[in-house]
Amino acid sequence: MADFFLQALGQVGSPMVLALITIGVLFGIIGGCIPGFTVTMAILVVFPFTFAMDPVSGVSLMVGVFVGGYSGGLVSGIMLGIPGTPSSITTVYDGYPMAQKGEPGRALGIGVAASFIGTLISVAVLVFFGPLIASYSMKFRPWEITSLIVFALTLVAGLSNGAMLKGLLAAALGLLITTVGYDRNSNLRFDFDLPVLGSGFEILPVMIGIFAFSQLMGNLEKLRDDKSEIKDVNTNVAIPYRQILVDMSRQKINTLRSSLIGSLVGALPGTGGTVANFISYDQAKKMSRHPEKFGTGTPDGIVASEASNSAVAGGAFVPTLALGIPGDLPMAIMMGVLILHGITPGPLMFEQNPVLVGAIYASLLIGAVVMVLCQLLLVRWFAKISLIPQQVLVPVVLMLCAVGAFALNNNLFDVWVLFIFGILGYLLWKAEVPLTPLILGVVLGDNMERQLFRALELDSSWLTFLTRPLSALFLALAVVSLLFSLYQNRKIRLHALETKGE
Amino acid sequence: MLMLTKDRALALAMMLMAGIMLVESGDIPPPTSWQPYGSALFPRILLVLVSALSLLILIRSLLAGAKRADTPRRTFPQWLAHNRTVLGLFLLFGLYAALLPLVGYIAATLGFLVLAFALLLGIDTRRKWIINLTVSGILVPLVYVIFRYGLNVWLP
C-alpha cells in the first residue's frame, strides 16, 4: 500500500491537482461559511466540474471541498453567531462569546487549528481502519451485503429526528426509484410507455433534485418568516498566533478525544458532523475541570466542536471506501461521483484502485494544510462572503444544478429529472419526511437488488439470511436500531407531554 | 369532520402511487425457468412495504387526531400569496428547462437568472437592478466558457 500511496502522492502533488485541491478547499470554506448553504450543497455545485476530469483530479477536487466545507462553518459561527453548517452549531456556543469579548482572531485561530488536527487524526483513522475493514469485508457474500444495506438504511431511517416511520418510507421510496427502467435481466419496468424512462433515472440528477430544491426553497421560506435584521460584522481580524499555540498546547487531550469522537461518529451511518459536534462538546464539558465556563467563550468548547466536525471527513470515508456504504449525505453524493467516474466504492476498490484510495488519503492531508493556510490568510474575506444573501445564491445554485445535470450525459431529460425530483423532494420535505434515507436508498438500490438476487440464485431459501451468522447479526442490529428508535421517540413524546403539563 | 393533515395527505398519496405501480408491475415479464424470481419481485416487495408504512402513518395520524396548526389556516388565494416566491421560482425553473432546447443555454439561463433575481431581490431600486444584471451578465458567459472550453462540455 505504501508504494501506491507514494504513487498517488506523486499524482496529487502535480501542480494541476494541487490547484484543484486549493480551489476545492476555497469553495468548500465559502460554502461552509455561508449560513444555510451546507457542505452537501457545496459538493453538489462542484461535482459537474469533475465530469471531464480523470478520476484522481475529480476526486481530489471533491475531497478539497469536503475538507474546506467542514471547517468553513466556523467563520460565520464565530463572526456572526450563526452556524454556517449544522455541524458547527456548538462552535457558536463559545466562539461567538469569545469574538464578542474582542477576541475574534483568537477564536478563529483556535477553530482552524482544531479543524486541522481533527482532519489529520481522522486521516490516520481512515488509513488504519479502512484497509482493515475492507479486507475483512472481502469475506462478505451476497447475504451479508444485503443485510448490511438493510441495517444501514434502518439505522439512518431510525435516526431521523423522531420520524422513524417516515424515515423507513423514504428509504423504501429511494430503493423503489432505482427499479425504473431496464433491470439486470434486460426486462423493462415502470416505463409507463414513455421511452425516456427505459434507461431509468441517473442517480445524480435525482439526488441533486431531491436535496437541492428542498434545501434552497427551505432557505427562502426561512428568509420569508425570519424578520430579524442582517448583522453588521467587523471583518478586521488579526490572528494572535503565539496565543493560539499556547491555547492549543493546553488542549492536547481535548483535541485528541474530540477528533476520535468525530472519526468514530463519521464512520457510523446516518450520523455525520452535527451528531459528532454535540457528543464531543458534551464530553468535553463533562471531562472539564471548569464546566461552568462552557458557553462563555472558552477555548475548550471551540476545540471540541471544530476538532470533531472536521474529523468526520476522514471517518465518513471508512464505510464508503471499505464497505461501499456511505455514512451520510455528503458521502452519498461523493459515492455517486465515484460511480460516475467508473469506480465502485467497496472492499474491491482497495485491490482494483489502490492508487485512487491513496489519492483520497493524500488529498485529505494536503487539503488539511491548504485549509489552514486559506483560513488564516483569507479569513476576513470569508467573513465578508458569509454575508452574501440567499436571494442571490439560490438562483445561481439552481442554474448550476441544471447545467450540471445536463452536462452529465448531454441530455436535457436529466434537467427534467432534476426538476421533477426537485418538486418531489420539496413536497416530501414539507410533509416532514427525512430526505437522507431516501437519497441513501437511491444510491444503494441497485446494489441491494443485485446482491439479494445473487443470494437467492445461490441458495433459494430466504432463511439463509438468518442462518449465516454475520447476515443474522446485521439483521438483528437492524431490528435493534428500530426498537431503540421507537424507545427514543416514546421518551421524546413523554417528555413533551410532561413539559406541556407543567 | 376529518381534516386533511400533512401526514394523511402523504400517506394517501403514497398509497395511491403504490397502487398505480402495483398495477403497472403486471406488465413486467413474468419469471422464467432461468429467472425463477422474475424482475417484478423486488419492486413488489418495496411497494408492499411503502403501502404498509403509509397505512401505519395514516392510522397513527387518525388515532392522534388533527393537531391544531401552529400557523393559521389559509384560503387558497392567501396560500398562493404566502408562497408566491417559492411557487414562482419552481415555475421559472420549469420554464427554464422547457426553453433550454428551444433558445439555447445563453438566452434561457440569462432569462432565468434575471427573472429569478427580480423575483427574489425585488425590482424597486436601481441597486437591485445593478446586482441583478451584473451577476447574470458575468455568470452566464463565465459558466459557458468554463464548460465549453475548460471541460469540453457542449451546452445547448
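# Helix packing and the A–B contact

Me: What does the secondary structure of chain B come to?
Reply: Chain B has 5 helices and 0 strands, where helices (H or I, at least four residues) and strands (E, at least two) are DSSP runs numbered from the N terminus. This is a predicted model, in which local features need pLDDT of at least 70, side-chain atom pairs count only at pLDDT 80 or more, and totals for chains, interfaces and linings use all residues. Residues are numbered from 1 along each chain as its sequence is written, and chains are lettered from A and ligands numbered from 1 in the order in which they are written.

Me: What radius of gyration does chain B have?
Reply: The value is 24 Å, whereas a compact globule of 156 residues would be near 15 Å. The radius is taken over C-alpha atoms, and the globule rule is 2.2 Å times the number of residues to the power 0.38. The C-alpha trace of chain B spans about 60 × 55 × 20 Å along its principal axes.

Me: Now the interface. How many residues of chain B are in contact with chain A?
Reply: There are 47 residues of chain B in contact with 46 residues of chain A; contact requires C-beta atoms, placed from the backbone, to lie within 7 Å.

Me: And which helix of chain B gives the most to that side?
Reply: Helix 4 of chain B does, with 16 residues. The residues on the side of chain B that touches chain A divide into 38 nonpolar, 7 polar and 2 charged. Ala, Val, Leu, Ile, Met, Phe, Trp, Tyr, Cys and Pro count as nonpolar, Asp, Glu, Lys and Arg as charged, and the others, Gly among them, as polar.

Me: How do helix 17 of chain A and helix 4 of chain B cross?
Reply: The axes of helix 17 (residues 390-409) of chain A and helix 4 (residues 84-121) of chain B come within 8 Å and cross at roughly 170°. Axes are lines fitted to C-alpha atoms, for helices over the stretch in contact, and angles run from 0 to 180 degrees between N-to-C directions. Helix 17 of chain A and helix 4 of chain B are therefore roughly antiparallel (angle over 145 degrees).

Me: Which residues make that contact?
Reply: Among them are A:Leu398 and A:Met399 of helix 17 of chain A, and B:Phe112 and B:Phe117 of helix 4 of chain B. By class, this contact has 14 nonpolar, 2 polar and no charged residues.

Me: Within chain A, at what angle do helix 3 and helix 4 pack?
Reply: Helix 3 (residues 38-46) and helix 4 (residues 55-79) of chain A pack at about 155°, with their axes 9 Å apart. That makes helix 3 of chain A roughly antiparallel to helix 4 of chain A.

Note on methods. Angles under 35 degrees count as roughly parallel, over 145 as roughly antiparallel, 65 to 115 as roughly perpendicular and the rest as oblique. Two residues are in contact if their C-beta atoms, placed from the backbone, lie within 7 Å.
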